[in-house]
Amino acid sequence: GQGSRHVAVDLGASSGRVALGTVQGGRLSVEILHRFPNGGVPVRGGLYWDVLGLWREILHGLRLASGRGPVASVGVNSWAVDYGLLDDGGELLGGVHHYRSARLGGVMERVRARLGDGTIYGATGIQFLPFNTLYQLAAEPPERLARARTLLMVPDLLHFWLCGARVTERTNASTTQLFEPRTGEWAPSLLEALNLPTHFLPPIALPGTDLGELSPEVVRETGLHGTRVIAPATHDTASAVAAVPAAAGETGWAYVSSGTWSLVGVETPGPVLTDAACAANLTNEAGVNGTTRLLKNVMGLWIVQECRRAWGNPDFAALYEGAGNVPAGGPLIDPDDARFLPPGLDMPARVQASCAQTGQPVPRTPAEIVRCVLESLAHRTADVLEQLEAVQGQPIRTVHVVGGGAQNGLLNRRVADLSGRTVVAGPVEATLMGNLLVQAEASGSVPRGSVREVVRASGALTTFPPGGPVPAGERERFRELTVRRRADEV
Ligand code: ADP
Ligand code: LRH
């Protein structure tokens, strides 16, 4: 037979892709049909997503898929926290703001002062990050919220355009800091305490929910017939973690979903809302099958991406090769310093200023700057692994690195060396695989609970044992640099 065929749309902050997945004999083969760049669009001091451009790319990808034969289902995942607002008739009300928009300056601080950290964290278990949906809604002009009938997260919005469903899928809802992880429902009390409306919060649907058939217009545009829209785990990190190739029964593993962000975490059976988790500012996001993703956002390869843009987009492979020739033990930054969050072509200068201000040699060449960032990210990853161990009270021996960053052998090696743990790298396209396999599971084309087994059977992984050179006092040197920021981690 032909196997069961599904299409996944994976929208990352730096690029998107549409892929055709075929499940046959307990294996998944993935063919990427269409790739396109993504990023923020600066307009009049704001920063937006080009959602209409993304929609056009999705239609193009679906048209390519229809040329290959029948498709059972399609599902979209994207980055978290951002949303569109619809009016009564389903019209999009204005632009979709980017989470790095300057409109959010000072908003989180005001909301935290008003509601109190204990109330916010106790209700949601979500890391305090200035762009959480809670703070984005607090930054909205009241008229816009009053006119809004439905809030849809970005993948939900695209599902609405595909099939007309107005629901929020749970894994992405859980990133908003407006979601109660114990009940799986919205936590509207936080909006109410800010005198904000809550009428626009839609029903929450589990990953794997059949949302309906493609609209007649999409059928005409793409040529797809009989294709269902099935919500995957719509949060990209949730899809990626669903596809971490851990063996059944394997314990003592953590993951890094490595792309624009490094999401460093563990999977737990339920939310961890202890004082220790709050003090470590860990997030509890919803995973598939009722699991929790206990993790921390680390600034990630964003800093390199923005430097690369400033340098005229040289190849990643060439940049990383250059960085590999720079010796360890050089200058370090605190990657989670808030100065690195906003976009800007001055990113290399920000890295240099941070080194100068901390009395270190200033990296000059792209190779030196990239080495500085990667080395610092590896240190920060090692720190978070230690925090997770302490909060969970369980040792972490293996670190599964998935996503685009898994191609970075230098970073993988340094995470292994600096954390003293074994890194298993791959798959690079874990998010697509998780998206496809949750659809396949929902359609009955793979057995329930077999997603990770199918991923393990479907591709090669690379292992990086620890043991490379770590100059004496190196971990302490990094901790010293981050001590001030960590003091106000919460
Ligand atoms: P996102 O989903 O956040 O857009 P991805 O998972 O697509 O991110 O990962 C993007 C990252 O992948 C880039 O920042 C880059 O560091 C890394 N990457 C892309 N191509 C290569 C390559 N050829 N070699 C090494 N790393 C690469
Ligand atoms: C990664 C990601 C991450 C969120 C961030 C906004 O793409 O979804 O999990 O915190 O984007």
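Student: What makes Val402 and Leu437 count as residues that Ala243 touches?
Tutor: Contact requires C-beta atoms, placed from the backbone, within 7 Å. Ala243 has such contacts with Val402, Pro427, Ala430, Met433, Gly434, Leu437, Val451 and Val455, leaving out residues up to four places away in sequence. This is a predicted model, in which local features need pLDDT of at least 70 and side-chain atom pairs pLDDT 80 or more, while totals for chains, interfaces and linings use all residues. Residues are numbered from 1 along each chain as its sequence is written, with chains lettered from A and ligands numbered from 1 in the order written.

Student: Which residues have the most contacts inside the largest nonpolar core?
Tutor: Val7, Ala243, Ile303, Val373 and Leu437, in a core of 135 residues. Helix α15 (residues 366-392) gives the largest share, twelve; a helix here is a DSSP run (H or I) of at least four residues, a strand one (E) of at least two, numbered from the N terminus.

Student: Why are β4 and β8 called edge strands?
Tutor: The open sheet runs β4-β5-β8, with antiparallel pairing. β4 (41-43) and β8 (96-97) each have a single partner strand, so one side of each lacks a neighbour in the sheet.

Student: How do you know that β4 and β5 pair?
Tutor: Pairing takes at least two DSSP bridges, and β4 and β5 (residues 46-49) have three, in the antiparallel sense. Pro42 stands opposite Leu47 in β5.

Student: Which residues come nearest to ligand 1?
Tutor: Gly12, Ser14, Gly259, Thr260 and Gly404, of 17 around it. α13 (316-324) and α12 (302-310) each give two or more residues to this shell, and α13 gives the largest share, three.

How values were computed: A nonpolar core is a set of buried Ala, Val, Leu, Ile, Met, Phe, Trp, Tyr and Cys residues joined through C-beta atoms within 7 Å. A residue is buried if 20 or more other C-beta atoms lie within 10 Å of its own, exposed if 12 or fewer, and partly exposed in between; C-beta atoms are placed from the backbone. Two residues are in contact if their C-beta atoms, placed from the backbone, lie within 7 Å. A residue is near a molecule or strand if its C-beta atom, placed from the backbone, lies within 6 Å of it.
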